[in-house]
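Here are a few notes to read alongside the model.

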Amino acid sequence: MQHPTQHPPDAEDRRAVSPVICYPTQSLPTPDMALRSARRAAAQKVSQVTVPPRQGRTFEVPAGGFFRITSIDGPQVGDLNLWNLHDHSERFYSGKTRALHGTHITTGQQMWSSFPTLRPMATVLEDTLNWYGIDPFGGSVHDVIGTRCDPYTHALLSGGDQYHHCCHSNLSRAYADHAGVAPQDAEKYVHDVLNVFMCTGFTRDTGQYFMKQSPVRPGDYIEFVAEIPLLGALSACPGGDCGSEHSSDKTPCFPLLVEVFSSDDPWQEPAKNGYNRSHGR
Ligand SMILES: [Zn+2]
């Protein structure tokens, strides 16, 4: 173990330097929320799927359509993956979304896609938990800091226990069923998630990732605009409300409802990213 190095004489001065926001969001294009709300008012429900506890399900949303995720029956968090319906190499990029918007997202913020497209895939239109803000522990709701619970980390930390209903496996089976492939082939398409309804943060003293009981209650929902045509996959996490543990069947778990709405009005998809991809050559 490395021992702490000696403090330089100006240590406190160096610590006292003010932080600078990495990506000033004033230059980030702002979605026209009034336009999106007007489209939503004229939209019709076209499908729905109920995600059973400790399972995953997929759903499709047309460009300019909407999808709503609702907690039903009991408090439950969900792990969300998104792909371009027509090109699954374009997928949700949780890390860049975090860098642009912060550790948690809510109304008016967007889920960004991977390189080289880097464009909005979905915009949060409504969030019944946006009253929560940031609590005294530094916790907030709908995070882009967690990855997803998975059987590999669980095996590592438990001495080899085999648990098959982590969100990574639930999403892998859901994608496998959609694509007609084996879960082992599906899992390479599964990526870091938006943790819907999950309440998380980093401890102030040790910087560790924490979760706490979600404030979600049955009837709460988060609704998104599909900026491009989407394939979505949602897992009802084995952690339930994530107030105690995950990666087991010990916690009470509940279903999640996904409803999809469509509008006939014309829709302009966001353009792919403007970088020319020459990388200087
Ligand atoms: Zn999970």
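1. Strand E4 (residues 78-84) pairs with E12 in the antiparallel sense over 7 bridges; strands here are DSSP runs of type E with at least two residues, helices are H or I runs of at least four, and both are numbered from the N terminus. Two strands count as paired if DSSP finds at least two bridges between them. Trp83 has Leu231 in E12 as its bridge partner.

2. A word on the source: this is a predicted model, in which local features need pLDDT of at least 70, side-chain atom pairs count only at pLDDT 80 or more, and totals for chains, interfaces and linings use all residues. Residues are numbered from 1 along each chain as its sequence is written.

3. E12 (residues 230-236) also pairs with strand E2 (residues 56-61), antiparallel and over 6 bridges. There, Gly56 stands opposite Ser235.

4. Do look at the burial of E12: 7 of its 7 residues are buried, meaning that 20 or more other C-beta atoms, placed from the backbone, lie within 10 Å of a residue's own. Leu230, Gly232, Leu234 and Ala236 cover one side, with Leu231, Ala233 and Ser235 on the other, and all are buried.

5. Gln110 stands opposite Thr123 in E7.

Key
Buried ≥ 20, exposed ≤ 12 C-beta atoms within 10 Å, placed from the backbone.
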